[in-house]
Structures are given as structure tokens and as C-alpha cells.
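Hi,

Here is the structure we talked about handing over. Please open it alongside this note; the findings follow below.

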Amino acid sequence: MNLIVTEIKNRVGFITLNSEKTLNSLSLPMIEELQKVLTNWKTSDEIACIFLQGAGEKALCAGGDVRKLYDAIIAQKEIDNTRVPQDCFDFFSKEYQVDLAIHTYPKPVIVWGHGIVMGGGIGLMVGASHRIVTEKSKLAMPEITIGLYPDVGGTWFLNKMPSAYGVYLGLTGARLDGADCLFLGLADYYVESSAKQGILEALERTDWNGNHHDTVSEILHAVSKEMTIPQSQAAAHQSFINQFESIDSLDQFKNLLYEYPDKDEWISNGLKSFDAGSPSSANIIFRQLRKGKELNLEEVFQSELNLSCQCCVHPDFAEGVRALLVDKDQSPQWYPSTLDTITKEWIDSYFEPIVDSKKWKVESL
């Protein structure tokens, strides 16, 4: 089975992530194939724009294949538990290279963000020039629940969100729908999923003689302007989110979240994820977002490569995947186990350089 299916119609390059059974989760071979296609099409006269989608109706991409990363970590621990498994380094470095390529791609990249879009799926979507969500879009960065942190450029795009939404979403993994994504700047167009065929037909009959970005924008605007956008729950909670703008520590975040008096379902779900998540992840998320505010895109991905590799050496990432996907007991044994037992030295160790920046540099394709 081809993990990536490609087709060219009227200079539109269609890329389909083709692993419907895994909700199109990204494996290393899939990332490598995607990397080849993006590189080849970047300078090809046959391609005016790219349309990226997932196979089936359930998901664009549910994230990375973290079970494979877990297997690599466990195998490496039997040999030397201080070294980053090569498969993990290859996965993260090549994934981030693809993400960076989409952010900087010279041709329009349309992403059909329909259904589940999580983790690595958001990494593919967020840097595209034309990002579409539908009434069935469900986005989240729930990495805190598996001992990781919002990577794939999360340091960049969470910091670009209004108010304190970025730090709140990073620490709670709160779910977002299409309307939320428009409000938060994660999407550009909201359409009903039934409009997809009309969009494809318009792309396949258009004249590509003008500015290609403008051509795509005109097509998508014509469709989306007819749509009624539902109420955004994220927008409805603006006053709740605003209280986190002035925090200087994770303790302050925790206290404000716990003490907020009017906890509805949206807030309660965020609190549950924060409570259940890795204490180490909560700390590295808070620090990474603050530390990364002034970084450019390449620096963001380089810092995330280092942090992701550190997560493969530290215990909680493997433990989180074990609890969720291997033993499926939903009872991760975090180390350290509580927020109040985390030390500064422990969190510092996550940020120590573990990669040779000359050999392991994340650059555009």
C-alpha cells in the first residue's frame, strides 16, 4: 500500500495521506515520502498549487505514530538509556523539516483540515497558505497526556494566538472545532464538508496564468463567504483566558485554573487533562513557550528537535505512550509524580543540548 498517494490535475498536485486505519498517523516512511514529493514539486512547472488531504472521512492526520517511537525507545534503553534512539531522531528531524517546508513553500498549499487533526497533523496544516476547516474538524495538541509537549512548531503558533490561549491550550490539550480554529488563527476558511467537491472542480478548471496564491484565495473565498460559522467556544471563554495573561509561573497558572469559580464543561475538560498530564510536561511546556517567544521559525524547530530528543531519553514520554497505546491501562506512572516534587534541575535537564547543531540542523527543503 502506498502511504502517500499523489495525482496531478490541471496543475493541482493532490497529496493524500493514505493510512485510513491509523487515522493517517505519520510514520517515518510516510514523512520521507511526503518530503520527496514536496521537494520534487517545489520547482516543477507541472504544479501550480498543492492540495493536501487525508484518506477517508475521519481524519486529516491524528498525529505521529508514537507507538513506533515507543518501541525504539524501549529497544535503546536495553543498550544505552542515555542515547537518543536513531529512529526517534530521524522521525522528529524529518517531520520538522517537512513542517518547515510547508511554512516556507513558494506555491500555494491548501490543507483540507477535515475530521481529526492532532499533533503532527496540526504541524502539517498550520504552516499552509490556505487552511480549510469544516463542521467536523476536531483539533488538539494533547501531548501533555503522553509526557510530551506541543511540538511541530507549537512553540511558534501557540505564541501567535491572542491573549493567553496558547499557554492554556498547550497545558490542557483543549479540543477545538472549526470555528475555534478561525478565531485562533489556525485556519483561514470555514466550509461545510459538502462543499469539497465544488472546491476541487473549481481548482481543476481554473486558469493558472495569474498569481497562484490570489487564484486559490478567490476560489476559497467565493465558497466560504456563503457559510454560516457557528459560535466559537474558545471565543466565548475570552474573559476566562484573559486572566492567564499576567502569569509568571506554572504555579500561578495552576492556582488560577483550580480556583476559577464558574467551571463549565469546556473548562472542566481542560482541568482534567492538566491534572492527568505529566508534571514534567507541564513544566517544559510552560518554559518552552516562554523561552521560544523571540525565536524565528528555524530556531523554533531546532529547539523543538532538541527537546523532543530529550523527551525520548527522559522517562515520561515512553510511559505516557505505554499507558495509552501499549498496555492501555490509562494509568501512567509519571516521574516525578507530582508538580510539587519537580525540581528546577530536572526541568533544566530537558533543555540541555543533546544534538550536534551542525549535524542535526532543521533546515528548509
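Alanine 179 is buried, with a relative accessible area of 4% (buried means under 20%, exposed over 50%, partly exposed in between, with a 1.4 Å probe and protein chains only). This is a predicted model: local features need pLDDT of at least 70, side-chain atom pairs count only at pLDDT 80 or more, and totals for chains, interfaces and linings use all residues. Residues are numbered from 1 along each chain as its sequence is written, and side-chain values use heavy atoms, with hydrogens and water left out.

Alanine 179 sits in helix 7, residues 178–184. Helices (H or I, at least four residues) and strands (E, at least two) are DSSP runs, numbered from the N terminus. What does alanine 179 touch, leaving aside residues up to four places away in sequence? The contacts are Tyr190, Ile229, Pro230, Gln231 and Ser232 (contact means heavy atoms within 4.5 Å). Tyrosine 189 is 10 residues from alanine 179 along the chain, and their C-alpha atoms are separated by 9.5 Å.

**Strands**

Strand 1 (residues 4–9) pairs with strand 2 (residues 12–17) in the antiparallel sense, over six bridges. Two strands pair if DSSP finds at least two bridges between them. Lysine 9 has valine 12 in strand 2 as its bridge partner. The two strands form a hairpin with two residues between them. Asparagine 10, in the turn, has a positive phi of about 50°.

There is also an open sheet of three strands, in the order 4-6-8, with parallel pairing. Strand 4 (59–61) and strand 8 (138–140) are the edges, each pairing on one side only. Two bridges join strand 4 to strand 6 (residues 116–118). Cysteine 61 stands opposite valine 117 in strand 6.

**Pockets**

On a 1 Å grid over the protein atoms alone, a pocket is an open set of points with protein on both sides within 12 Å along at least five of seven lines; a cavity is a set where a 1.4 Å probe fits but cannot get out; lining residues have an atom within 4 Å of a point. A volume is the space filled by probe spheres set on the points, which are joined across faces, edges and corners.

The largest pocket holds about 1,000 Å³ of space. Its lining has 45 residues, and Met118, Pro142, Thr145, Ile146 and Leu324 lie nearest its centre. Helix 13 gives the largest share of that lining, six residues. By class, the lining has 22 nonpolar, 16 polar and seven charged residues. Here Ala, Val, Leu, Ile, Met, Phe, Trp, Tyr, Cys and Pro count as nonpolar, Asp, Glu, Lys and Arg as charged, and the others, Gly among them, as polar.

The second largest pocket has a volume of about 250 Å³. It is lined by 15 residues, with Asn159, Ser163, Ala164, Val167 and Lys293 nearest its centre. Helix 6 (165–172) and helix 14 (279–291) each give two or more residues to this lining. The largest share, three residues, comes from helix 14.

**Cavities**

How many cavities of 30 Å³ or more does the structure hold? There are three. The largest cavity has a volume of about 80 Å³. Of its 13 lining residues, Ile122, Met141, Leu158, Leu169 and Leu176 are the closest to its centre. Strand 8 and helix 6 each supply at least two residues of that lining. The lining divides into 11 nonpolar, two polar and no charged residues.

Best wishes
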